[in-house]
Amino acid sequence: MATLLRKVWESVSTRSSSTSHSPLQLTSSSATSSDSSLGPCFDSIPLDILLQILRLVGPKDAIKLGCVSRAWRSLVSDNRLWIYFLQYYQGHDDPWDSVFFAELNLRSGYPLQTFPSRTGELSFMCIYGQRAQVPGSVIIDGGSGYCKFGWSKYACPSGRSATFLEFGNIESPMYARLRHFFGTIYSRMQVKPSTQPIVLSIPICHYDDTDSAKASRRQLKDAIHTVLFDMNVPAVCAVNQATLALFAARRTSGIVVNIGFQVTSVVPILNGKVMRKVGVEVIGLGALKLTGYLKELMQQNNINFESLYTVRTLKENLCYVAADYKTELSKDTRASMEVPAVGWFTLSKERFQTGEILFQPRIGGVRAMGLHQAVALCMDHCHAAELTCDDTWFKTIVLSGGTACLPGLAERLEKELHETLSPSLANGLRVIPPPHGPDTAWFGAKFISNLSTFPGTWCIRKKQFRRKSRANIMW
């Protein structure tokens, strides 16, 4: 590297001396040609080769070369070079397509403003430098079953705990339960609340667009902010879980199907905003019911177990969703696994019968519409609302939640929707499995917390919250 820098400097020095024998001979044209040349040793090298050399040099030394002359500065600022550095040097474990999506769609904060899709419109050299200076954040994904937490610079969540709803008892004030919950998370992470911003995902609740539902959402939101600012957290970004799951799938519009602990919600989102006026469909069927149904099937077949932990482990590792339920009944589907510290278990038809209640709730004793029917109804509402000039925004369906990771679920849902919907609505339909498994919402929060403009307009600070308690935070 030192040799390359010396060569560049010698080349520039030689070029300067050859055009500066007399001050009177230095014209504007010679100055211009001087600035547009990389030097005798480098002008004959093709641009692609020079960029390959700069890749080997690395970002820090590339910046130094950009200080040599205007020509080198122009070369070093080439977006292709910094796209490469963002891919291989920044060390956030974020794939390039995720970085590009976030910087293109999320960097302005909420409401979302998409930047021009041509990469030439953005300076990735500036973005690289800004991302390197972004402070680390605490990320808490307050799921409906259990909470995931971790550091924004980590590759994945570092721990799990019960949700804030399970702290204290039903009679405990919300403030006390939240204070206990956040205090426990910070203690387990060994982090002082006052040192980093926090990005918090909140489970979808109070689904309606009624005044009472709005008041309930606002009350919970204000309680969360009050607790965190009382703990001296410098900045808070609170976004609902469905929106974060959509971001993790590198989308800003679509329908998120979140299979939670007790209920499944079908959430239409346009440009990052939940379309509650269109309607959020809710099915009284979640992970807990699937686990309970597998328990019943195992009891019917005299399969002994000691706890629901065993049943849940078997569900997560052996169960799947059949592409065709009737056809699957005639197959030999036996499979075995060992549950640590418990023993070996063998399941057969229970493996696909468990997930089938998502599409046929009645076989599990649940009076509710099937998952495909709820999604089709939501799509019909989106189409009827005519919120945009075309229907493509709601034809991407993203699955979220641990139970949504069941193998075959995305394919079965897409198949059922094609059979349920009209050809015009089904055309272009795509169902995406949870992009990051059960941690999908956590990764959506990570996209935000590593943005070059973070905390920026994504966060609210204590003074803002005190001054305007009803600040326009995305919810």
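**The sheet and its surroundings**

Author: Isoleucine 139 stands opposite glycine 150 in strand S2. Before going on, note that this is a predicted model, in which local features need pLDDT of at least 70 and side-chain atom pairs count only at pLDDT 80 or more, while totals for chains, interfaces and linings use all residues. Residues are numbered from 1 along each chain as its sequence is written, and side-chain values use heavy atoms, with hydrogens and water left out.

Strand S1 (residues 138-142) pairs with strand S2 (residues 147-151) in the antiparallel sense, over 5 bridges. Two strands count as paired if DSSP finds at least two bridges between them. Strands (E, at least two residues) and helices (H or I, at least four) are DSSP runs, numbered from the N terminus. The protein has 20 helices and 14 strands.

The sheet is open and has 6 strands, in the order S3-S2-S1-S4-S5-S14, with mixed pairing. At its edges stand strand S3 (159-161) and strand S14 (460-461); each has a single partner strand, so one side of each is left without a neighbour in the sheet. As a general point, strands of a sheet pair through backbone hydrogen bonds, either parallel or antiparallel.

Helix H9 (residues 174-189) packs on this sheet and touches S1, S2, S3 and strand S4 (198-202). The direction of H9 makes about 45 degrees with that of S2. Such angles run from 0 to 180 degrees between N-to-C directions, the axes being lines fitted to C-alpha atoms, for helices over the stretch in contact. Contact means heavy atoms within 4.5 Å. Helix H11 (residues 241-248) lies across S1, S4 and strand S5 (235-240), and runs at about 85 degrees to S5.

S4 and S5 pair in the parallel sense over 5 bridges, and valine 199 stands opposite cysteine 237 in S5. With S14, S5 runs antiparallel, joined by 2 bridges; the partner of alanine 235 in S14 is arginine 461. S5 is mostly covered, with 6 of its 6 residues buried. Buried means under 20% relative accessible area, exposed means over 50%, and partly exposed lies in between (1.4 Å probe, protein chains only). The cover is on both faces of S5: Ala235, Cys237 and Val239 are buried on one side, and Val236, Ala238 and Asn240 on the other. Across the protein, buried residues make up 52% of the 475 residues.

From H11 the picture can be followed to helix H7. The buried residues of H7 pack against H11, and also against helix H6 (79-88), H8 and helix H19 (440-449). In H7, 8 of the 10 residues are buried, so the helix is largely enclosed by the rest of the structure. The buried ones are Trp96, Ser98, Val99, Phe101, Ala102, Glu103, Leu104 and Asn105.

The structure has 15 aromatic pairs. Rings of Phe, Tyr and Trp (its six-membered ring) pair if their centres lie within 6.5 Å; planes under 30 degrees apart count as stacked, over 60 as edge-to-face and the rest as tilted. The ring centres of tryptophan 96 and phenylalanine 100 are 5.6 Å apart and the planes stand at 40 degrees, so this pair is tilted. Both residues lie in H7 (residues 96-105), 4 residues apart, which is about one turn of the helix.

Arginine 107 counts as buried because its relative accessibility is 16%. The side chain of arginine 107 makes a polar contact of 3.1 Å with the side chain of glutamate 103. Another, of 3.5 Å, joins the side chains of arginine 107 and glutamine 130. A polar contact is a pair of N or O atoms within 3.5 Å; within protein, one must be able to donate a hydrogen and the other to accept it, and residues adjacent in sequence count only if both atoms are side-chain atoms.
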